[in-house]
Amino acid sequence: MSNIIRESHIMKIHYLTALVAVGFVIIHIMIRFTHGSFANSLEFESVIANYKSIPYAIVLEAMLILISVHGFNGLRIILLELKQGNAYENAVTYGCLAAMIALIAYGSRTIIMASMGMVEA
Amino acid sequence: MTKDGALPKGFERPTVSASPNDSSVQEKYEEVKSSSKTITLRISKFNPEKDLRTAFHAFTVPYQRWTTVLDAILEVKSHQDHSIGVRYSCRQATCGSCGMIINGKPRLACFTKISELDSDVVTVEPMNNFPLIRDLAVGFERMFSTHKRIKPYVIREDSETNPGTKEFLQSPEDVEKYIQFASCIKCGLCNSACPTMTTDSTFIGPQGLAQAYRYVADNRDQGKDERLRIIDEPHGIWRCHFAGSCSQVCPKGVDPAMGIQLLRGYLLGYRK
Amino acid sequence: MDKDRKEGIKGMANPGRYGIERVAYWLMRITGLGLLFYFIGHIYETSSLLDGKAAWDSMLELTQTTEGHIFLALVIGMCVFHTGNGIRLMVAQAGFGFGKARRPDYPYTPSSLNMKNKLCIYVSIGLAALAMMYGLSVMFHV
């Protein structure tokens, strides 16, 4: 991995995704309070209405990508420090990358389908 | 010395009237010995070639207000157990040889007084995160090789020794920028305290990184890019998480954590 | 511990010996891992939305319990601490907040472990505690 991208670039991405994600998480939590109470905001209809708002769906998608990148890179860092060796380090790096892509794909599926109204009645 | 060969006033040698067997000398010795307090010194003993596990041997050692842990270990080595493996040299926190874990924290044995530990039991163990040679002595090969890797010398195309060139002048302000980090005695206490080094033996470590900063901050040096490339790797500077333990244990006030963060500023583009 | 004297995970995770900065290092790790696992769970939890109202409500029931609320309050605390301490680290790791390097004088006091840094850690812990209490009051309608 270090042949493809320098560690300083990865860490710049790590810091940047953290900062931007904080902003989006604040928006995400604030939206919960626009529905009266916390319990009301979690009603099925309220949540679907949230997803159908395109700007909010974009916020959710951005948050999904940013937190996944930040989180799985954090996990990669912790795992790289636990054990060393080429095979292990490659497995950790590519494993984290694959898990990140899988989570983004799975989360995006929910966001896209819910925002398009493709929800079972 | 005065003209007649006598020593100046105040420098006269005391007249020695007592022989070693003199009873007053012996009494004085016994008085000092009995007036000193004692501690239990627990020394970790392990020979990787013979032993299966570490054993702690306890010794009762007299001490005075000024007795250091190294003094106590050497007292045991002289009078109670000659086989204790310990490395030391200068006894004044300059050579960096006697680093060890004293009551759970990495310290220099020659720079730690028993009285300041405030404990009746002093436990000494070899430094963590270093390969053990025997008992209290650990191997420094890896730390020295990492130190060499960051090129710990001024890199320039010209040289002070070339004919026609002068010495590289620096203002006192220029020196202040790196002199703190030049105090490193390579004792390894910082590497022993570092949480990353507890599991990552390929990490450059606070010692090497602080020394990289020492040369990057030196305005005579032209090897900044080369050094930044060396430390910008998966087990390089980014594996420092600023836990600050290295700075807490440094016996020379080097503050490696500060050096590492300042060095990181170059890689993040905040410093040129 | 073998002849390599590597302290291992136990040494890395032991926060007690080196002051509040080491505690912050340990908390940052734990909260980071905790938040990642919560995030994965949260993505899975919200995907039940696609299976209709009944599936969503039954998933919600799992979290609308006392234990669920306490867990969520912990997540809020972890999130606030990780953010606060993360911002401190980002500023510090860029080389700000230490003053200038200077000739060390005995007794040595490391500039990197200054009060500003310690205060930021305490504030992060304090804010996390406050956020947890607020979260609990909202969830339990206090």
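I102(B) stands opposite V124(B) in strand β5 of chain B.

First, the ground rules. This is a predicted model, where local features need pLDDT of at least 70, side-chain atom pairs count only at pLDDT 80 or more, and totals for chains, interfaces and linings use all residues. Residues are numbered from 1 along each chain as its sequence is written, while chains are lettered from A and ligands numbered from 1 in the order in which they are written.

Strands here are DSSP runs of E, at least two residues, numbered from the N terminus. Two strands pair if DSSP finds at least two bridges between them.

Now β3(B), residues 99–102. Which way do its side chains point? G99(B) and I101(B) go one way, M100(B) and I102(B) the other. All are buried, meaning 20 or more other C-beta atoms lie within 10 Å of the residue's own, with C-beta atoms placed from the backbone.

Next, the neighbours. β5(B) covers residues 121–125 and runs antiparallel to β3(B), with two bridges. I101(B) has E125(B) as its bridge partner there.

On to β4(B), residues 105–108. Four bridges join it to β3(B), again antiparallel. I102(B) stands opposite K105(B). The hairpin has two residues between the strands, and N103(B) takes a positive phi near 45 degrees.

Last, β1(B), residues 37–45. It pairs with β5(B) in the parallel sense, over four bridges. R42(B) stands opposite T123(B).

Technical notes
Buried ≥ 20, exposed ≤ 12 C-beta atoms within 10 Å, placed from the backbone.
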